[in-house]
Amino acid sequence: MKMITYTESRGLTDPLYVDVRSPSEYAHDHIPGALNIPIFTDDERREIGTLYRHSGRDEAIVRGTEMGGRKIASIIAEISNYQGRQIVIYCARGGMRSGSVASLISSLGFEVYRLDRGYKGYRHQVLRSLECSDPWPRLIVLQGLTGSGKTEILTRIGPGIDLEGMAGHRSSLFGAIGLKQNSQKMFDSLLASRLDELGNEPFAIIEGESKKIGNCHIPETLYDAMKKSPVIYIDTPMERRIDILIREYTKVRDDEKVISIVKSLRSKLSEKTVAKMIELFTGGDLKAFVELLLLKYYDPLYRYSISRLDFIGTVTNYDSDTAAKQVMEIAENFI
């Protein structure tokens, strides 16, 4: 068993990160692609923490050993499915949880590494990488009115950076509907990983966003780079914008949430307009509802700021596959 930093582990030929923290720790943030094989459940972890505070370290270790010991066979069985991979094990701080599992797996003949300082060391590296733009590719920003299909285009582009997908939020008033918002730390991890993947690319395409996507904040360094980057404008006909939004937002219906959000617009729109929107929505006329929402709320909100930008090209999005190819052509010619 060898101790290794996260940066060093990126140089391994076929690493498999094994996160032995509890499920809730893993859900909050983890190394992208890591396999979660928890030594303790969330309840067990709380029990050990309580025992540590009230009875001391030794009793907590004894109880933890009892709990973990019952899971040894299943842990070995699961990791055995990855024979031949370079196993990189980590816990919260590179302490007893990762140390005990790493020692055991190493004794069985696996190529095992233990992550120095565990998740804490990894998190430190993520923050450092997001503060330094030197290894990043040159950014080209997609801009367009709401529903123009920027995200659809991004997912069809090799060097695309989907910030909304990483945040688990569509960065709009209705952006959380049907999605699970990621924590800031998970957003940072996914972003740092993607920027690292694209480090050798001549450019990357990213959607223009405000500084905050749901509850996630875009790192200052990246946001500054986005504001200074060349822009491609996505010009999409109204009918297609409506279809894109209906297709995306009706994957999971939450009528009560939609009506609640529309009612919250009373301070920005007239009572008559809000009442008409609710009437259209509850009556099932989604196309007319979305069109009114775009014309009265979204387009006035964004049209002026977009009009002030200089574009290196404009793509009319009749079809996202074709639009993605045109975006790449403009970007390649510009670079």
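Reader: How many helices and strands does the secondary structure of the chain come to?

Author: The chain comes to 16 helices and 12 strands, where helices (H or I, at least four residues) and strands (E, at least two) are DSSP runs numbered from the N terminus. This is a predicted model, in which local features need pLDDT of at least 70 and side-chain atom pairs count only at pLDDT 80 or more, while totals for chains, interfaces and linings use all residues. Residues are numbered from 1 along each chain as its sequence is written, and side-chain values use heavy atoms, with hydrogens and water left out.

Reader: What percentage of the residues in the chain is buried?

Author: Buried means under 20% relative accessible area, exposed means over 50%, and partly exposed lies in between, with a 1.4 Å probe and protein chains only. By that reading, 47% of the 335 residues in the chain are buried. Along the principal axes, the C-alpha atoms fill a box of roughly 70 × 45 × 30 Å.

Reader: How should I read the pairing of strand 4, and with which strands does it pair?

Author: Strands of a sheet pair through backbone hydrogen bonds, either parallel or antiparallel. Two strands count as paired if DSSP finds at least two bridges between them. Here strand 2 (residues 15-19) pairs with strand 4 in the parallel sense over 5 bridges, and strand 4 pairs with strand 5, again in the parallel sense, over 3 bridges.

Reader: Is strand 4 covered on one face or on both faces?

Author: Both faces are covered, with Gln86, Val88 and Tyr90 buried on one side and Ile87 and Ile89 buried on the other. Counted along strand 4 (residues 86-90), 5 of its 5 residues are buried.

Reader: Which handedness does the unit of strand 4, helix 6 and strand 5 have?

Author: A crossover is right-handed if, with the strands pointing away from the viewer, the path from the first strand over the helix to the second runs clockwise. Strand 4, helix 6 (residues 96-107) and strand 5 make a right-handed β-α-β unit.

Reader: In what order do the strands of the open sheet of 5 strands stand?

Author: The order is 7-8-6-11-12, and the pairing is parallel. Strand 7 (160-161) and strand 12 (311-316) are the edge strands, each pairing on one side only. Within this sheet, strand 6 (residues 138-143) and strand 11 (residues 231-235) pair over 3 bridges, and Gln143 stands opposite Tyr233 in strand 11.

Reader: Where is Phe40, and why does it count as buried?

Author: Phe40 lies in the loop between strand 3 (35-36) and helix 3 (42-55), and it counts as buried because its relative accessibility is 11%. A contact means heavy atoms within 4.5 Å. Leaving aside residues up to four places away in sequence, Phe40 touches several residues, among them Ser22, Pro23, Ile48, Met67 and Arg97.

Reader: Which residues other than glycine have a positive phi, and are they buried or partly exposed?

Author: Among them are Arg117, with a positive phi of about 65°, and Ser171, whose phi is near 60°. Arg117, in the loop between strand 5 (112-115) and helix 7 (118-131), is partly exposed, with a relative accessible area of 40%. Ser171, in the loop between helix 9 (163-167) and helix 10 (184-197), is buried, with a relative accessible area of 19%.
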